[in-house]
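Work through the exercises below with the sequence and the 3D structure at hand. Each task is followed by a solution in steps.

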Amino acid sequence: MQLSIIILSYNTKALTIRCIESVIKQYKRQLENNEFEVIVVDNASTDGSAEAIDNFQFPSASWRTNFQLIKNKKNYGFSKGNNIGTKYTNGRYLFFLNSDTEVLDEGIAHMVGYLDNHKNVGILGAKLQNSDGTAQPSSGTFYTLLPTILMLFGGERFGLLRESPSEVKQVDWVSGGAMMVRNALFKKFGGFDEHFFMYVEDMEFCFRVKRQGLTTYFYPAVSIIHKALASSNRTFAIVHIYRGLLYFYKKHANSIQYTLVKLLLTLKAYVAIAVGTFTHNAYLTSTYRKTLSLSL
């Protein structure tokens, strides 16, 4: 078994089915030859996702042997949900694929070949794109102190921290929405840190891997459409990014850096609340008030 594709599902029934269909369409041969398997982990969806996936009609009954549905009893979030999925895998490599994606070509198979030929590469990220074909910036710079300051005050909008390279390139971290990693390596490092419910966990995992002398690369010769925020919303994302940054600094930085980042997060929140109050933007005020209640 070369590859285990892990799809985490939470209240994205139609999107998850479309994602599964796209994987089957592009990797029919690999599935038939027992080279690829698909593990779908449902995080206690309430929209009938698990039932729809359970009743999915495969082109061949024999494909069921290379497909598993794991039904979690609660929503464990991205990190723990994916970690649970890895316990059922047999592939030499793991490929984490968001449920709100569609695979358009055979690029994932080429990623397997790339890792076979580059033993020093621990993690390989795939290119993600919007529905209109434009690239999503799905690799980035570690959120050490200066990048974090730039991020909090708009640096990502100017392409200073994230990118989608046009060639195979070493990067700090890649999106967990389309990430390939050696199965043995993932388990050796304990998988994603489950203190992260969602967001920042992919960056933190790549950070730990780099500390052990292995590299992360971005692989652009893949076409995967990603419908960003389809399984969450912007307020949820901001709150959990704030929480994730605080935990990252508590885990990997000293107390002075942690305190500084917490002060910067608080300053950004108060500025956003002030702007929201002045412009009568209820979204800004309610979202950033939620971030002020975070503590670690």
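Helices (H or I, at least four residues) and strands (E, at least two) are DSSP runs, numbered from the N terminus. This is a predicted model, in which local features need pLDDT of at least 70 and side-chain atom pairs count only at pLDDT 80 or more, while totals for chains, interfaces and linings use all residues. Residues are numbered from 1 along each chain as its sequence is written, and side-chain values use heavy atoms, with hydrogens and water left out.

**Exercise 1.** Locate Asn 11 and state whether it is buried, partly exposed or exposed.

Solution. 
Step 1. Asn 11 sits in the loop between β1 (3-9) and α1 (13-26).
Step 2. Recall the cut-offs: buried means under 20% relative accessible area, exposed over 50%, and partly exposed in between (1.4 Å probe, protein chains only).
Step 3. The relative accessible area of Asn 11 is 28%, so Asn 11 is partly exposed.
Step 4. The phi of Asn 11 is near 55 degrees, a positive value in a residue other than glycine.

**Exercise 2.** Describe the surroundings of Arg 64.

Solution. 
Step 1. Arg 64 is in the loop between α3 (49-54) and β3 (67-71).
Step 2. Its relative accessible area is 34%, so Arg 64 is partly exposed.
Step 3. Contact means heavy atoms within 4.5 Å. Not counting residues up to four places away in sequence, Arg 64 touches Ile 53, Asp 54, Phe 56 and Phe 58.
Step 4. Arg 64 and Glu 37 are 27 residues apart in sequence, and their C-alpha atoms are 9.5 Å apart in space.

**Exercise 3.** How do α10 and α11 pack against each other?

Solution. 
Step 1. Axes are lines fitted to C-alpha atoms, for helices over the stretch in contact, and angles run from 0 to 180 degrees between N-to-C directions.
Step 2. The axes of α10 (residues 255-279) and α11 (residues 282-292) come within 8 Å and cross at roughly 155 degrees.
Step 3. Angles under 35 degrees count as roughly parallel, over 145 as roughly antiparallel, 65 to 115 as roughly perpendicular and the rest as oblique. The helices α10 and α11 are therefore roughly antiparallel.
Step 4. A crossing is left-handed if the near helix is turned anticlockwise from the far one by less than a right angle, and right-handed if clockwise. For α10 and α11 the crossing is left-handed.
Step 5. The contact includes Ala 269 and Ile 273 of α10 and Leu 284 and Tyr 288 of α11.

**Exercise 4.** Which orientation do α9 and α11 have, and which do α6 and α10 have?

Solution. 
Step 1. The axes of α9 and α11 come within 9 Å and cross at roughly 30 degrees. These two helices, α9 and α11, are therefore roughly parallel, and α9 passes α11 in a right-handed crossing.
Step 2. The axes of α6 and α10 are 10 Å apart, and the packing angle is about 5 degrees. That makes α6 roughly parallel to α10.
Step 3. In this second pair, Leu 145, Thr 148, Ile 149 and Leu 152 of α6 meet Leu 260, Val 261, Leu 264, Leu 265 and Lys 268 of α10.

**Exercise 5.** How many residues does the largest nonpolar core have?

Solution. 
Step 1. A nonpolar core is a set of buried Ala, Val, Leu, Ile, Met, Phe, Trp, Tyr and Cys residues joined through side-chain atoms within 4.5 Å.
Step 2. The largest such core has 53 residues, and those with the most contacts inside it are Phe 96, Ile 123, Val 181, Phe 205 and Tyr 288.
Step 3. Helix α9 (residues 234-252) gives the largest share of this core, 9 residues.
Step 4. A second, separate core has 38 residues, including Ile 5 and Leu 69.
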